[in-house]
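Please view the sequence and the model before reading the points below.

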Amino acid sequence: MDRELAQYLKERGKLVDSILEDLLPPASTYPPIIYEAMRYSVFAGGKRLRPILCLAGAEALAKDYTPLLPVAGAIELIHTYSLIHDDLPGMDNDDFRRGKPTNHRQFGEGIAILAGDGLLTMAFEILSRYGLEQIAEKGFSGQQYLQAIHEISRAAGVAGMIGGQVLDLQEAGQEANEEAKEEAKEKAKEDVLQYIHQHKTGALFRASIRVGAILSNASETELAALTAYSEYFGLAFQITDDILDITGDKDKLGKPVGSDTKNQKITYPAIYGLEGARVLAEEAVEKASGSLSNLPGNIQPLVKLVNYLLERES
């Protein structure tokens, strides 16, 4: 990884971790088991990409990102909730996440479900409290803040992550790797794959950057540019994630590889092959970088982040 990018991610990650410590009640809060389970997954590691992208969206517009830290923290809570639920036996049934036992393996399935529910609900508690207390102080308009909450809630709901996960579950086990007998069937698989990517993975990336832009008074042109970046970023992330499930090192990934193949999921390598998927990832990265050229602020973190996706190992 580029040294400047590594330092950037380290510094922003510390800021996000600090705000998460402030936002989450201590593990001793009654009833302690639920707070312990919530904190277990939130602080289990991770790159904090979604909250960092929210902050970087403000930077790309030459605006102060610090007022957005609570919003970025809430986004990370939503992401963590989604991971807890994705790992459940009724979903992907994974035993490890970020090199540690998944939440349901550590605390039991019931507590894991409630921990995910708690994080999702707490995220909107934080967003609403922050909005009520600090809109005037931080210079946000009520309209901007409502739009930001709308972006986040839509990305987390049936029109976003939940809808994508539904289709992912429905398609699993339907022999995604078999050679289609008809061109229409192949096209249908491509459409399903695109839908799953845009909703299950891409929606929260998109919302993260758009919220950073909206709360930074982005113009329509600036918002469109950052939206395009977020969509190509999400695409590149998902393609490389699918590739890593085949070629990655489980010790570096912090979870077993091969689960997509085992569950017969529709993935980019399954449809396009490994080399075809790599080409698609490279094209998405190039388009993401190109969308930023006319923004007024520091775009280098966003450029370096999307290029890093092509070399990431976790």
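The points that follow describe a cavity and a pocket, with the residues and elements that line them. The model is predicted. A search of the whole structure finds one cavity of 30 Å³ or more, and the second largest pocket holds about 650 Å³ of space.

**The largest cavity**

- The volume of the largest cavity is about 100 Å³.
- Its lining consists of 13 residues, and those nearest the centre of the cavity are S41, A44, D87, R97 and N103.
- At least two lining residues come from each of α2 (32-42), α4 (69-86) and β2 (100-101).
- The helix α4 provides the largest share of this lining, with three residues.
- Sorted by class, the lining of the largest cavity comprises five nonpolar, four polar and four charged residues.

**The second largest pocket**

- Two or more residues of the lining are given by each of α7 (142-156), α9 (183-214), α10 (220-247) and α13 (268-290).
- From α9 come 10 residues, the largest share of the lining of the second largest pocket.
- The lining of the second largest pocket is made up of 12 nonpolar, nine polar and seven charged residues.

Notes. Residues numbered from 1 in each chain as written. Predicted model: local features only at pLDDT ≥ 70, side-chain atom pairs only at ≥ 80, totals over all residues. Heavy atoms only, no water. 1 Å grid on protein atoms, 1.4 Å probe; cavity = no way out; pocket = protein on both sides within 12 Å on 5 of 7 lines; lining within 4 Å. Points joined across faces, edges and corners; volume = space filled by probe spheres on them. Helix = DSSP H or I, 4+ residues; strand = E, 2+ residues; numbered from the N terminus. Nonpolar A, V, L, I, M, F, W, Y, C, P; charged D, E, K, R; others polar.
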